[in-house]
Amino acid sequence: MSDILFLFQQTMFFFIPLLIVALGGLFSERSGIINIALEGMMIIGAFAGIFFIHFFQQSMDPQICLLVALLIAGLSGTLFALFHAIASINMKADQTISGTALNMFAPAFCIFVARLVQQTQQVEFSNTFRITKVPVLGDIPFIGEFLFQNTYITNFLGILILVLSWLILYKTRFGLRLRSCGELPQAADSAGINVYKIRYAGTLISGFLAGMGGLIFIVPTSTNFNADVAGYGFLALAVLIFGQWKPWHIAGAAFFFGFMKTIASAGLPFLASLSIPNYFYKITPYVATLIVLAFTSKNSAAPRAEGEPFDKGKR
Amino acid sequence: MENVIEMRHITKVFPGIIANDDVTIELRKGEIHALLGENGAGKSTLMSVLFGLYQPEKGEILKNGHVVQINNPNDANNLGIGMVHQHFKLVHNFTVLENIVLGAEDTKHGFLYMKNARKKVEEISQRYNLKVDCDALISDITVGMQQRVEIIKMLYRDNEVLIFDEPTAVLTPQEIEELMQIMRDLAKEGKSILFITHKLNEIKEVADRCTVLRKGKYIGTIDVATTTKEEMSEMMVGRKINLTTEKTESHPTDDILVVKNLSVSKKGHKNPVNNISFSVRKGEIVCIAGIDGNGQTELVQAITGLMPILNGTILLNGKDITHASIRQRNVSGISHIPEDRHKHGLILDYPLSYNLVLQRYFEPQFSQHGFLKFEEIEKYSEKLIEQYDIRSGQGSKTIARSMSGGNQQKAIIAREIDKNPDCLIAVQPTRGLDVGAIEYIHKQIIRERDEGKAVLLVSLELDEVMNLSDRILVIYEGEIVGEFNPKEITVQELGLYMAGSKRGDTNEKAV
Ligand SMILES: Nc1ncnc2c1ncn2[C@@H]1O[C@H](COP(=O)(O)OP(=O)(O)OP(=O)(O)O)[C@@H](O)[C@H]1O
Ligand SMILES: [Mg+2]
């Protein structure tokens, strides 16, 4: 029992950031803009957020501090995504190249700024954000133990974002328009929709979520930030594809990858006696990614106009 | 009578071509106004200007006598102008209803609210007899249905000026009949309609007036009732056109293409092609006639290798090609003019010259040691452009996507015929072509036959079937239900077989 509880809580640490970042990718790609820069956006977001925590942690209530840091992470991700939007929407640049450029820029920028401000490139912080037990809810037998003890506020935020994303994409006017821009922007255009605006919105939302996701990934798993999110942005892309560009599928995919990642870092407690070399556990998430993508990318549901700059005159 | 729309002295220039050169057109309230012109004459461009997709370099547009500025489709919508495009603009994975409301959605408490929309769509379907299933996905419905969705989209926005860009090119004769009726009803309700078509019969049937364009220039506006079809086509092309095709008796010899007991399966449906056998001989044109969706598409795709078969054999010149790759089929003498020119005919973002050598670029004529010989490709493409009169802005360098629909079709036909095949398979080869081009293509097909090629023609148009074929096979629900000599059967009788209400025992003879 406690093994399962342990695995579950570990999984949450990986699942929630993957989920949020992949949902970020979803908004951008559903509007027709490929977002390979999720990794870079995560790095920028995590950096800004951790920096804030580093300086203000002592003087604030931890939960408030985390919430403000999340907001800052999101906003800096948004600002960073603005570059991607300008390049791919206004200047009709190749979206993969623009994304790659941002990915290369992000860590370099973070190291540069960190050194400028504090000599070392690692930004230290102490993790004071864990909630030992949510009042009342934490006392519910079983469920309380799983969901409301030893948890982070970000876990609930992740679930909230999942539900909101689904509502926005499928139940609102904005969502309908966003999806139409990713499939056939000419249809949206002739229905009087401003494709450029919608694509801007999609890309910026993507930056906000990815930035926030970066911080959410760092906070529970580390005590310093070293301009790196361990390839999570790319893993989130894989989650997005495996999740067939649909919110609930993405949630499933993110959980699957999160679990794989947990196995990689913690091993399976039940199998401890078999003494399987550590490396096998370490490669599982990547092997799983390869296998899963090889089997699922065939019936790909990628938005049809993804990656194509919108051209009004195109017929 | 008052003019709802006046377009005055419109000029629109694209790189290398003046698509509209000082064109003036007037649309009266409640009339059906046809727009006639050769492929590439600038009809779609003119209508796109009216709909706000393009900005003209010169000229002005008046709505009800007032000058208006139409910068984008939104402005057009607000002025009550709607358009059904030559290539539909529907989102494939949205439902019918979602496509209709897109851009004009109702919301309640911030969420989409579809109830009123559904009611309004149902009212429109009732009133104009436009039946649709609101909850079906676009990718699951027929082309005819998709067009209805486009029409309802306009009516849903209470548009009063309706533009139809070649709406009939993709429809079956039955669907065309229905559309004509719908257009008449709409005009009676006071809507004004601009109608682009290449079919003079349709203009005769529904239009009140007709404006003719030639190479971007305005030629004139005529009263349809008092003008003959011959006069109209002469105005449009600038020369006399022979509207009936002349051909000599055929003298078929050896079998070229033999199809034996061919079946094709489809998940969740009965076999779209069921145990079909026939042959096409050297020097004859065999036509598969039938109503759309009776297995023609699958039959052709099975023969050309685009679709796997369930069982049966296909022989070309006595050689078994049942399991040959598409490339092998191509080089061993099959040419294919596909039904869907965008999907199987062209690479839309490649220049015209590359498209013209798509199945031949690897031949020594066009490449050496794995490198393309660009000059040769260019020279060859210039030759075809000249010979087949393919019109475009920048010749060989034109990106296929920017070409007019009819000229895209001509490019495919040029490529396939010039390959010098043993067997030419042509599906709806003249879809979307002007009468001049049709005349030319028909001549080419007959010449191919006379040079000893086997021609398999699939057409939904009975006129074309009767005019061109030496032998007619009627297909119904995936089976050949009769074989006829076009001289010995009437269109009416053929129609009965196509509709499945009559069935011949000639199936065996067809082998
Ligand atoms: N977006 C574009 N860019 C470049 N050239 C274009 C564009 N749109 C149209 N043209 C050119 O303008 C000319 C007129 O094209 P248009 O589509 O208006 O012809 P059309 O009369 O509708 O012909 P069809 O009957 O074949 O549809 C063509 O030569 C075409 O190549
Ligand atoms: Mg056109």
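Which residues in α6(A) meet which residues in α7(A)?

## A helix pair in chain A

A:Ile168, A:Leu169, A:Tyr170 and A:Lys171 in α6(A) meet A:Arg173, A:Phe174, A:Gly175, A:Leu176, A:Leu178 and A:Arg179 in α7(A); contact means heavy atoms within 4.5 Å. By class, this contact has six nonpolar, one polar and three charged residues (Ala, Val, Leu, Ile, Met, Phe, Trp, Tyr, Cys and Pro count as nonpolar, Asp, Glu, Lys and Arg as charged, and the others, Gly among them, as polar).

The axes of α6 (residues 153-171) and α7 (residues 173-183) of chain A come within 5 Å and cross at roughly 75°. The two helices are therefore roughly perpendicular to each other (65 to 115 degrees). Axes are lines fitted to C-alpha atoms, for helices over the stretch in contact, with angles from 0 to 180 degrees between N-to-C directions.

## Basis of the model

This is a predicted model, in which local features need pLDDT of at least 70 and side-chain atom pairs pLDDT 80 or more, while totals for chains, interfaces and linings use all residues. Residues are numbered from 1 along each chain, chains are lettered from A and ligands numbered from 1 as written, and side-chain values use heavy atoms, without hydrogens and water.

## A hairpin in chain B

Strands β1 (residues 3-14) and β2 (residues 17-28) of chain B run antiparallel and are joined by eight bridges. Helices (H or I, at least four residues) and strands (E, at least two) are DSSP runs, numbered from the N terminus; strands pair if DSSP finds at least two bridges between them.

B:Ile10 stands opposite B:Val23 in β2(B). Two residues lie between the strands of this hairpin, and B:Gly16 in the turn has a positive phi of about 85°.

Notes
Angles under 35 degrees count as roughly parallel, over 145 as roughly antiparallel, 65 to 115 as roughly perpendicular and the rest as oblique.
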